[in-house]
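This report considers selected local features of one structure. Please have the sequence and the coordinates at hand while reading.

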Amino acid sequence: MSPTDEIISCKHILVEDDRTGTSLETLRRAVLDNLFYIQGKFPAIATPNDYYMALAYTVRDRLLHRWIKTVETWLQKDIKIVCYLSAEFLLGPHLGNNLINLGIEEPVRQAVEAVGQNLDELLKQEEEPGLGNGGLGRLAACYLDSLATLEVPAIGFGIRYEHGIFHQEIRDGWQVEMTDNWLHLGNPWEIPRPEVHFEVKLGGHTVRNRDADGRERICWIPDRVVKGTPYDTPISGYRVNTCNTLRLWKAEAAESFDFQAFNIGDYYGAVDEKVASENLTKVLYPNDEPIAGKQLRLEQQYFFVSCSLQNIIKIHLQAGGQLEDLHALWAVQLNDTHPAVAVAELMRLLVDEHLMEWDKAWHITVEICGYTNHTLLPEALEKWSLPLFARVLPRHLEIIYEINRRFLDGVQLRYPGDNDRLARMSLIDESGEKYVRMANLACVGSHAINGVAALHTELVKQDVLRDFFEMMPEKFSNKTNGVTPRRFMVLSNPGLNRLITRHIGDRWITDLVELRRLEAFAADKDFQSEWRHIKHENKQRLAKLVYERTGITTDPASLFDIQVKRIHEYKRQHLNVLHIITLYNRIKENPEANVIPRTFIFGGKAAPGYFLAKLIIKFINAVAEVVNSDPDVKDRLKLAFLPDLSVKSGQLIYPAADLSEQISTAGKEASGTSNMKFSMNGALTIGTLDGANIEIREEVGAENFFLFGLNAEQVKDRKTRGYNPREHYDSDEQLRQAIDQIRSGVFSHGDTRLFQPLVDALLQRDEYLVLADYRSYLEGQDKVGQLYRDQNQWTRTAILNVARMGKFSSDRSIREYCRDIWRARPVPIELAPLKI
């Protein structure tokens, strides 16, 4: 038989390519090939990290076929692409998530074993990209997962921080910030695109002139120009062919080396521009207390926004589109106010660079932009001092002035003579030192404004953005946050995943409402027994991590009471500690008391410049030192602060919790998402009527939720009438005892000054009503202890919590954004099999 006949005879045989195949043998061969050809190692000298990298490249190869086909499909059709602009993307490790989404975890595990490695150990090798502070960045990551899973064309745009959120160490009870060198061993998931770059102007001044038709044109003459280079990461969907893109921008110098300076002996000066430019994306959210930090943060935000919008326009024009229909094919979502300068930048690009008339450009800008508000705290609504803004972005300030003039003309017509309203709605705060209000800019320049939980959205409409809601109510809607069940159930809790899937099938993974079918098993003794066994195994894993990081031994048979989130006064970690001190005092008064054994676990990072938050961490550790070493306690109470909270550690924490602490002051938390992650994994919640807690309680049932504390209206009323925290201190003996112990040095080796700022904040101001909610919180915690004694009833309640969490999938959130704001549709991707 001739070679030609041989090819013809097998032309319909599917051949498994080494870069796309998923059989055990193909995967084994691919890992070894990548170890040899990419890592440059052979097995005898390869490190665990070499094997991790080889495996990561093997998995990435399986993504690339889908990724390229996804982009190719987008360019062949008139489809709408969602662009999610966020200063943070807290992705978590990629490897495990991609194995789940591709459906190849088991053959990969076997292939890794075939080359003498253990998959679980290789998963530990991955450096987590710490490109976010907490909830905001993690929400963005969940939304990318859901966009890909729902097959919605999407690109996430952000910043490739060289150093992410700091690593947290605890020394003598205090938080110490350490540099996050997440890139030091390389990042196999990203693909640099050095051939694609955009210039970003900063500083300088503007010049006005006339074009040939006599129209005024503005030319921005910058002080310096920075080059933005993209690094792309494929984002896989669950068991679909869609593979979307996360594009992160790195700042580089337009000219990285000055030969003239070098030749005259100025060796440092020769690379000055390179160093100054690359500082722009050096670190996540620099300390913005000094003016240099504020300027760098503003430059960071503008840098990634400008690169992203220039990129969108370039892709649109290259695909044959017209600028006039930009908004028909692109949707730009502003994840909080950090990217709000996009409104002014898109106007600059359209009017100055592409010579579009103002009114047409404004229509496109408003139609393309949507704004998500994430906060009710006034200090978190970004504003920039006018001199700083003028120094960094002189042209944008002119554009903002013009937007403001036209907008306020409309306000004046609608509300004649209402000067106070004009002042409140102005894009420029002129009440003292002048500021540019970024939230106001986002509201005026977007066609849609949304909150992230039902209560949050109502409070935004009633308070934070009330004037805008009254003038343009059609822009406002609620889009309650959600989290991806792929990472936070399937990947994080494999035992629970297998139990659920065995009883109701696996449709719940992409349709979380299917979990309702678990209600039929809530009282089933065998099902409950398996459920408790899985929970105990999860607690053992977390106990191991706690011991490794803190040296504290915990009992998995005890009630795991967990609060992990950013450390902030409004999140009230110190209320939790006051309860622990009260329990400790009860045991000291009656050492034989029959107390339900509890393990309290805290985790979270404090902003480096936030003194009271850092003092709260010290406070937690100081109380832990006393409680854990007291022989009277006899292991009935254990307290541990788990350092360096991350997505990776969260994947061990959420499945292990018995009780989820969601105890922020009502009306302060926009939504929260840790509440959802805990509940999805079978933790019961003790919480206030704040953020998404309200909707979780509505879904799971009031009887399955430990409610305490004032509601948002009562908090507002209490403050309006004049709140005096000392009344609670004077009238509550247990509260007074706890605070007096803190003040007298019981938890600080006799140092009466250490925690005085914390005591003063509680007794003199108590801005977040810790003392007002203390007694109600204790009563709620007593109910927790009573229910935990009845393990059958506790387990039944936990099962019902999981069964009723269907609403809180990020898939539901994304469907609502697509329907109401982006008007985007799924675009399925078809993959042709490889043939010879």
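Predicted model: local features only at pLDDT ≥ 70, side-chain atom pairs only at ≥ 80, totals over all residues.

Strand 15 comprises residues 435-437 and runs antiparallel to strand 14, to which it is joined by 2 bridges.

These strands belong to an open sheet of 3 strands, arranged in the order 13-15-14 with antiparallel pairing. Strand 13 (383-385) and strand 14 (428-429) are the edge strands; each has a single partner strand, so one side of each lacks a neighbour in the sheet. Strands of a sheet pair through backbone hydrogen bonds, and the pairing may be parallel or antiparallel.

## The second largest pocket

The volume of the second largest pocket is about 870 Å³. Its lining consists of 31 residues, of which Leu376, Pro378, Leu381, Asp463 and Val464 are the closest to the centre. Classified by type, the lining contains 15 nonpolar, 12 charged and 4 polar residues.

Several helices contribute at least two residues each to this lining: helix 16 (419-425), helix 17 (438-444), helix 18 (454-464), helix 19 (466-471) and helix 28 (712-721). Helix 28 provides the largest share, with 6 residues.

## Aspartate 61

Aspartate 61 lies in helix 3, which spans residues 48-76. Is this aspartate 61 buried or exposed? Aspartate 61 counts as buried because its relative accessibility is 11%, below the 20% limit for that class.

The side chain of aspartate 61 forms a polar contact with the side chain of arginine 19, at 3.1 Å. When residues up to four places away in sequence are not counted, aspartate 61 touches Arg19 and Asn34.

## Tyrosine 231

Tyrosine 231 is located in strand 9, residues 224-236. With a relative accessible area of 11%, tyrosine 231 is buried. Which residues are in contact with tyrosine 231, leaving aside its neighbours within four places in sequence? The contacts of tyrosine 231 are Arg160, Glu190, Ile191, Pro192, Leu246, Arg247, Leu248, Lys250 and Glu252.

Tyrosine 231 and aspartate 213 are 18 residues apart along the chain, and their C-alpha atoms are separated by 41 Å.

Technical notes
Residues numbered from 1 in each chain as written. Heavy atoms only, no water. Helix = DSSP H or I, 4+ residues; strand = E, 2+ residues; numbered from the N terminus. Buried < 20%, exposed > 50% of the residue type's maximum accessible area, 1.4 Å probe, protein only. Polar contact = N/O pair within 3.5 Å; in protein donor to acceptor, adjacent residues only side chain to side chain. Contact = heavy atoms within 4.5 Å. 1 Å grid on protein atoms, 1.4 Å probe; cavity = no way out; pocket = protein on both sides within 12 Å on 5 of 7 lines; lining within 4 Å. Points joined across faces, edges and corners; volume = space filled by probe spheres on them. Nonpolar A, V, L, I, M, F, W, Y, C, P; charged D, E, K, R; others polar. Pairing = 2+ DSSP bridges.
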